[in-house]
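Here is a friendly walk through one model, meant to be read with the viewer open. Take a look, and then let's go helix by helix.

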Amino acid sequence: MAAQKINEAHEHIAKAEKCLKTSLTKWKPDYDSAASEYAKAAVAFKNAKQFEQAKDAYLKEAEYHTENKALFHAAKALEQAGMMLKDMKKMNEAIQYIEKASMMYVENGTPDTAAMALDRAGKLIEPMNVEKAVDLYQKAASVFENEDRLRQAAELLGKASRLLVRLRRLDEAATSIQKEKNMYKEIENYPTCFKKTIAQVLVHLHRSDFVAADKCVRESYSIPGFSGSEDCIALEQLLQGYDEQDEDQVYRVCNSPLLKYMDNDYAKLAVTLKVPGGGKKKKSPTAPQGGTGGAQPAEEDDDYEGGLC
């Protein structure tokens, strides 16, 4: 079966080469037909699990579509070449081709397709290279934002924000979450703004910036429905507990379902939050036996090195 597919692929390549030949009666190469034959060859190689040859055929297809000024089809072929590299576990090269394809989509006037390609690339690389995934999600969000597609832009920024938290790039995460929140406010998705405020406060407190955390909550009072909501009440209690160094109150809020069942990266911020100076413990379930109120497990302190007063 594989041998048959490989023979079939070579037949298509031979036809493609014939299409490119010129003669006295045929002055210009037939790029369109050549691209079509290389596309068929690529599929045949792919079905035979010959991914390297399939990739080369897709690159030839892209080349001849470009010669023919068919940029959308050229971009599609580049993306397929990237997917062949993915199947060969050459992830960094795969992403390069998909990024190149996304630029061609934008050039062709199909930015939505470009953003979706960048999003797919982000998902592919995320398990191996979180930093690169952040970059891809941010680029995709930017493409959607330029098209005034704010809901899609905010969703992609949300992916970037969570990964920035995971990477402990908390200053950048705070900026990214604020941008998300502004977009959700603009499209009047107010309940999501409330959740973004919780995320902001957690990030700022882990940055030991109580003033910035407090400001986020105060600014959110202008969002319809925020004042008096369970999100608002929880944040007021959290800020009060943190400011008064009341570890019990901070623990209760941070381990409430509202915060504990947020996206995993934010939930981790909640359950690892400590008050400045160790705090005043009463009967906190986290108190070490026979320890002092300010003692904390060393491994948790290391999670956010330099992040506490």
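## Helix H2 and its cover

In this predicted model, the buried residues of H2 are Ala34, Ala35, Glu37, Tyr38, Ala39, Ala41, Ala42, Ala44 and Phe45. The cover over these buried residues includes helix H1 (2-20) and helix H3 (51-67).

After H2 comes Lys49, with a positive phi near 65 degrees.

The side chain of Lys55 makes a polar contact of 3.2 Å with the side chain of Asp56. Once neighbours within four places in sequence are set aside, Lys55 is in contact with Ala81, Met84 and Leu85.

## Helix H7

Helix H7 takes in residues 130-146, and it passes the length check too: 17 residues at 1.5 Å each should span 24 Å, and the end C-alpha atoms are 24 Å apart. At its start, a side-chain oxygen of Asn129 comes within 3.3 Å of the backbone nitrogen of Glu131. Following H7 is Asp148, whose phi is positive, near 60 degrees.

Which residues of H7 are buried? They are Val130, Ala133, Val134, Leu136, Tyr137, Ala140, Ala141, Val143 and Phe144. Their packing partners are H5, helix H6 (111-125) and helix H8 (150-166).

## Ser161 in helix H8

Ser161 sits in helix H8. With a relative accessible area of 0%, Ser161 is buried. Which residues does Ser161 touch, not counting those up to four places away in sequence? The list is Ala173, Ser176, Ile177, Glu180 and Tyr266.

## Lys195 in helix H10

Lys195 belongs to helix H10, which runs over residues 190-206. At 34% relative accessibility, Lys195 counts as partly exposed. Beyond its neighbours within four places in sequence, Lys195 is in contact with Asp231, Leu258 and Met262.

How far apart are the C-alpha atoms of Lys195 and Leu259? They are separated by 9.2 Å, while the two residues lie 64 residues apart along the chain.

## Two loops with positive phi

Lys89 is located in the loop between helix H4 (71-87) and helix H5 (91-108). Its phi is near 65 degrees, a positive value in a residue other than glycine. Lys89 counts as exposed, at 70% relative accessibility.

Ser208 is found in the loop between H10 and helix H11 (210-220). It is not a glycine either, yet its phi is positive, at about 60 degrees. Ser208 is partly exposed, with a relative accessible area of 26%.

## Nonpolar cores

The largest nonpolar core has 73 residues, of which Val201, Leu202, Leu205, Leu238 and Leu259 touch the most other members. There is also a second, separate core of 19 residues, and among its members are Ala34, Tyr38, Ala44 and Met84.

## The whole chain

How many helices and strands does the protein chain have? The secondary structure comes to 16 helices and 0 strands. The chain has 309 residues, of which 46% count as buried. Among contacts with a separation of 6 or more, 57% come from residues 24 or more positions apart. The accessible surface is about 15800 Å², and 50% of it belongs to carbon and sulfur atoms.

## How confident is the prediction?

The mean pLDDT of the protein chain is 90, and 90% of its residues reach 70 or more. Over residues 283-309, however, the pLDDT is below 50, and this stretch has 37 contacts in the model beyond near neighbours in sequence. Where pLDDT is low, the predicted coordinates should not be read in detail.

Methods:
Residues numbered from 1 in each chain as written. Predicted model: local features only at pLDDT ≥ 70, side-chain atom pairs only at ≥ 80, totals over all residues. Heavy atoms only, no water. Helix = DSSP H or I, 4+ residues; strand = E, 2+ residues; numbered from the N terminus. Buried < 20%, exposed > 50% of the residue type's maximum accessible area, 1.4 Å probe, protein only. Contact = heavy atoms within 4.5 Å. pLDDT = per-residue confidence, 0-100. Core = buried A, V, L, I, M, F, W, Y, C linked by side-chain atoms within 4.5 Å. Areas by Shrake-Rupley, 256 points an atom, 1.4 Å probe, with all protein chains shown as cover. Polar contact = N/O pair within 3.5 Å; in protein donor to acceptor, adjacent residues only side chain to side chain. Expected span 1.5 Å × (residues − 1).
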